[in-house]
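Subject: Structure handover

Hello,

Here is the structure we talked about. Please open it alongside this note.

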Amino acid sequence: MVDHSDWNQPWFSQLSWVMGNLERFDLDPNQKLVVAVLAFLNDTHLPFTPDIICEKTGLDEEVVDDVYDFLITAGYGRTDSRNKQLFFNLEGLLDLPAANLNDPVSQSLLREFSTEFGRPLSGSEMERILNLSNEFDEDMILHALDEASAYNKRSLNYVESLLAAWKSRGLDAADIESGKR
């Protein structure tokens, strides 16, 4: 079992780990291809640039940018620097949530939370949000997120407590929209 302390060790091959776990990744083919190339660049200590990724994958820059955005929003990776060179840290892949992040509803919710919180979400936050989506309608979750933001309480705990309170009162999205609390 690989842990975070192993990830950036000189003896650890990110590419080997990525390729050995590729089927576990809930990523589309373009995302998997970009992840594999990023792991190769990291292993060979080569910097990444969109041009290099486009050249190696044959994908256009817009597709590569979309993959970067997804990887960052999902918490799978982030840009970082090492020895004055830019690289893409894929350590977040170690914390893969079991839920389907390629589901459009899941991606939309994760993107909304990340945007509202003003930062990438952690793996545990993503998992909590995806668990909420199994229990509540997307509209209900978004109403709770909007209310949390309105009160400047941008935390997942606050959103969860709002949803629990509304559920205990038997409220649904239509009730919340009409002003019932």
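A term first: buried means under 20% relative accessible area, exposed means over 50%, and partly exposed is in between, using a 1.4 Å probe and protein chains only. At 58% relative accessibility, asparagine 152 therefore counts as exposed. Asparagine 152 sits in the loop between helix H8 (138–150) and helix H9 (156–168). Its phi is near 55°, a positive value in a residue other than glycine.

Before the rest, the ground rules. This is a predicted model, in which local features need pLDDT of at least 70 and side-chain atom pairs count only at pLDDT 80 or more, while totals for chains, interfaces and linings use all residues. Residues are numbered from 1 along each chain as its sequence is written, and side-chain values use heavy atoms, with hydrogens and water left out.

**Overall**

The protein has 10 helices and 2 strands. Helices (H or I, at least four residues) and strands (E, at least two) are DSSP runs, numbered from the N terminus. Along the sequence the pattern is α-α-α-α-α-β-β-α-α-α-α-α. The C-alpha atoms fill a box of roughly 55 × 35 × 30 Å, taken along the principal axes. Of the 181 residues, 41% count as buried. The protein exposes about 9700 Å², and carbon and sulfur atoms supply 48% of that. Accessible areas come from the Shrake-Rupley method with a 1.4 Å probe; for residues, only the protein chains shown count as cover.

Contact means heavy atoms within 4.5 Å. Among contacts between residues at least 6 apart in sequence, 55% join residues at least 24 apart.

**Helix packing**

Two packed helices are described by the angle between their axes and the distance between the axes. Axes are lines fitted to C-alpha atoms, for helices over the stretch in contact, and angles run from 0 to 180 degrees between N-to-C directions. Angles under 35 degrees count as roughly parallel, over 145 as roughly antiparallel, 65 to 115 as roughly perpendicular and the rest as oblique. For residue classes, Ala, Val, Leu, Ile, Met, Phe, Trp, Tyr, Cys and Pro count as nonpolar, Asp, Glu, Lys and Arg as charged, and the others, Gly among them, as polar.

Start with H2 and H3. The axes of helix H2 (residues 14–21) and H3 come within 7 Å and cross at roughly 160°. H2 and H3 are therefore roughly antiparallel to each other. H2 contributes Gln14, Leu15, Ser16, Val18 and Met19, and H3 contributes Val35, Ala36, Ala39, Phe40, Asn42 and Asp43. By class, that contact has 7 nonpolar, 3 polar and 1 charged.

H3 also packs against H5. The angle is about 80°, with the axes 10 Å apart. That makes H3 roughly perpendicular to H5. From H3, Asn30, Gln31, Val34, Val35 and Leu38 meet Val63, Val67, Tyr68, Phe70 and Leu71 in H5. The contact of H3 with H5 has 8 nonpolar, 2 polar and no charged residues.

H4 is another partner of H5. Helix H4 (residues 50–57) and helix H5 (residues 61–73) pack at about 110°, with their axes 9 Å apart. H4 and H5 are therefore roughly perpendicular to each other. On the H4 side the contact is made by Pro50, Asp51, Ile53, Cys54 and Thr57; on the H5 side, by Glu61, Val64 and Tyr68. The contact of H4 with H5 has 5 nonpolar, 1 polar and 2 charged residues.

**Single residues**

Glutamine 31 is in helix H3 (residues 29–43). At 6% relative accessibility, glutamine 31 counts as buried.

Histidine 45 lies in the loop between H3 and H4. Histidine 45 has a positive phi of about 60° although it is not a glycine. Its relative accessibility is 55%, so histidine 45 counts as exposed.

Leucine 90 is in the loop between strand E2 (85–89) and helix H6 (104–117). At 0% relative accessibility, leucine 90 counts as buried. Not counting residues up to four places away in sequence, leucine 90 touches Trp7, Val35, Leu38, Ala39, Asn42, Tyr76 and Gly77.

Serine 81 belongs to strand E1 (residues 78–82). Leaving aside neighbours within four places in sequence, serine 81 is in contact with Leu86 and Phe87. Serine 81 and proline 47 are 34 residues apart in sequence and 8.8 Å apart in space, C-alpha to C-alpha.

Best wishes
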